[in-house]
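Q: Please take a close look at one part of this structure: its pockets. I would like their linings described.

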Amino acid sequence: RWSMTQSEMKSILSRIKWSVEISDVADCDLIIEAVDENYDLKMKIFKELDKIARPNTIFISNTSTLSLTKIAEVTNRKDKIIGMHFLNPVPKVPLVELVRALDTSNKTVDVIKKFASKIGKKAIPVYEYPGFITTRAIVPLLNEAMHILLEGIATAEDIDTAMKLGYNFKTGPLEMADSMGLDEVLAWMQTLWDTLGEPRYRPNPILRKLVRERKLGKKTGEGFFKYDADGNIIH
């Protein structure tokens, strides 16, 4: 909040251009897609981008669970399709998963590794597989915490406190899910459940209920906890 001056902020903002027209990215060297976890939507965007972007432009998807190889099929540049899975909160987490699709070239991987380094991220290379590393590892933990709550074993606050004090978590699993967005968490679980068929990924009923009620976590002010305007839990 206090780490930059007003003039520094203005200088940074002056280098950012905003647009709602997809044609405005036609001359970019790299294009990052970060829409919802939906095959049809992502493939529609990649198909449109493929028509207007330069032949050497690299397309990057921020998907956390979907197949980049499948998404790449709608383009004529399969060797230039790659995943960069950023973790929330993006400005604070120094990690990005670098996801290689079936036809991603070594040159594309090298370019994006350098790009990740330039923006201060440690790139961890992974091969395409549902959930990669971080989503696949965290989803069962979130799901189990929800089961503990659903079964009445402990309150949401006590579950999070136990994990923070017992395992040195900075944030408990239920608040973590609220921060991620419960609709996003549900989408991850559903994709992993549909793809892998393992019970540990089956979306918890309490999660489905909260999403139906549009209680999506911090972004709506309520999820497993209630939040004030600054995103702090209301006790």
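This is a predicted model: local features need pLDDT of at least 70, side-chain atom pairs count only at pLDDT 80 or more; totals for chains, interfaces and linings use all residues.

A: Start with the largest pocket. About 950 Å³ of space lies in it. Its lining counts 28 residues. Nearest the centre of the largest pocket are L87, N88, P89, M180 and W188. The largest share comes from α5, with four residues. By class, 13 lining residues are nonpolar, nine are polar and six are charged. Domain 1 (21–127) and domain 2 (133–234) both contribute to the lining, so the largest pocket lies between them.

Now the second largest pocket. Its volume is about 580 Å³. It has 15 lining residues, and K17, S19, D24, V25 and C28 lie nearest its centre. β1 and α2 each supply at least two residues of the lining. Ten lining residues are nonpolar, one is polar and four are charged.

K17 counts as exposed because its relative accessibility is 80%, and the cut-off is over 50%.

The structure holds one aromatic pair. The ring centres of F46 and F59 are 5.7 Å apart and the planes stand at 90 degrees, so the pair is edge-to-face. Both F46 and F59 are buried. Elsewhere, the charged end of K70 sits over the ring of Y39, 4.1 Å from the ring centre.

Methods:
Residues are numbered from 1 along each chain as its sequence is written. Side-chain values use heavy atoms; hydrogens and water are left out. Buried means under 20% relative accessible area, exposed over 50%, partly exposed in between (1.4 Å probe, protein chains only). Rings of Phe, Tyr and Trp (its six-membered ring) pair if their centres lie within 6.5 Å; planes under 30 degrees apart count as stacked, over 60 as edge-to-face and the rest as tilted. A charge sits over a ring if NZ of Lys or CZ of Arg is within 6 Å of the ring centre and within 35 degrees of the ring normal. On a 1 Å grid over the protein atoms alone, a cavity is a set of points where a 1.4 Å probe fits but cannot get out, and a pocket is an open set with protein on both sides within 12 Å along at least five of seven lines; lining residues have an atom within 4 Å of a point. Grid points are joined across faces, edges and corners, and a volume is the space filled by probe spheres set on the points. Ala, Val, Leu, Ile, Met, Phe, Trp, Tyr, Cys and Pro count as nonpolar, Asp, Glu, Lys and Arg as charged, and the others, Gly among them, as polar. Domain bounds come from an automatic or database domain assignment.
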